[in-house]
Amino acid sequence: MLIKHEESGNKGSFITEEEGKQIGIMTYSQAGPGKIIIDHTEVDPDEKGKGIGHLLLNKAVEHARANDVKIMPLCPFAKASFDRDVNIRDVLF
């Protein structure tokens, strides 16, 4: 499973692909220097329950840590994940 990061202007996404097919995406917008807002997470209905959303969130957290970026989780999935997992809260703003 491949997870790639794309940026264009002040928007970005983490995209999960398997066998050339997109099976999940997490999108964000920049909210000023060093801050991003995760605004949407979507997983292909056939792939639900396989942890793909968490893989995308983990990639976003890795990106935030590596680039000294803080995350605001507006997306309900991301917000719930940050509420549950204390180990990723270091990147919250």
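Colleague: Why is His 63 called buried?

Modeller: Its relative accessibility is 15%, and buried means under 20% relative accessible area, exposed over 50%, partly exposed in between (1.4 Å probe, protein chains only). So His 63 counts as buried. Bear in mind that this is a predicted model, where local features need pLDDT of at least 70, side-chain atom pairs count only at pLDDT 80 or more, and totals for chains, interfaces and linings use all residues. Residues are numbered from 1 along each chain as its sequence is written, and side-chain values use heavy atoms, with hydrogens and water left out.

Colleague: Thanks! Where does His 63 lie, and which residues is His 63 in contact with, leaving aside its neighbours within four places in sequence?

Modeller: His 63 belongs to helix α1, residues 52-66. Helices (H or I, at least four residues) and strands (E, at least two) are DSSP runs, numbered from the N terminus. With those sequence neighbours set aside, the contacts are His 5, Phe 14 and Tyr 28; contact means heavy atoms within 4.5 Å.

Colleague: What makes β1 and β5 edge strands?

Modeller: The open sheet has five strands in the order β1-β2-β3-β4-β5, with mixed pairing. β1 (2-8) and β5 (70-73) each have a single partner strand, so one side of each is left without a neighbour in the sheet.

Colleague: How do you know that β3 and β4 pair?

Modeller: Two strands pair if DSSP finds at least two bridges between them. Seven bridges join β3 (residues 21-30) to β4 (residues 35-43), so the pair qualifies, and the two run antiparallel. Tyr 28, for instance, has Ile 38 in β4 as its bridge partner.

Colleague: Why is the link between Asp 44 and Lys 21 called a salt bridge?

Modeller: The term asks for a side-chain nitrogen of Lys or Arg within 4 Å of a carboxyl oxygen of Asp or Glu. Here the closest N and O atoms are 3.3 Å apart, so the pair meets that cut-off. Asp 44 sits in the loop between β4 and α1 and Lys 21 in strand β3, so the bridge ties together parts that are 23 residues apart in sequence.

Colleague: Are those two residues buried or exposed?

Modeller: Asp 44, at 18% relative accessibility, counts as buried, whereas Lys 21 is partly exposed at 40%.

Colleague: And what separates Asp 83 and Lys 79 in helix α2?

Modeller: About one helical turn, because the two are four residues apart in that helix. Their closest N and O atoms are 3.1 Å apart, and they form a salt bridge.
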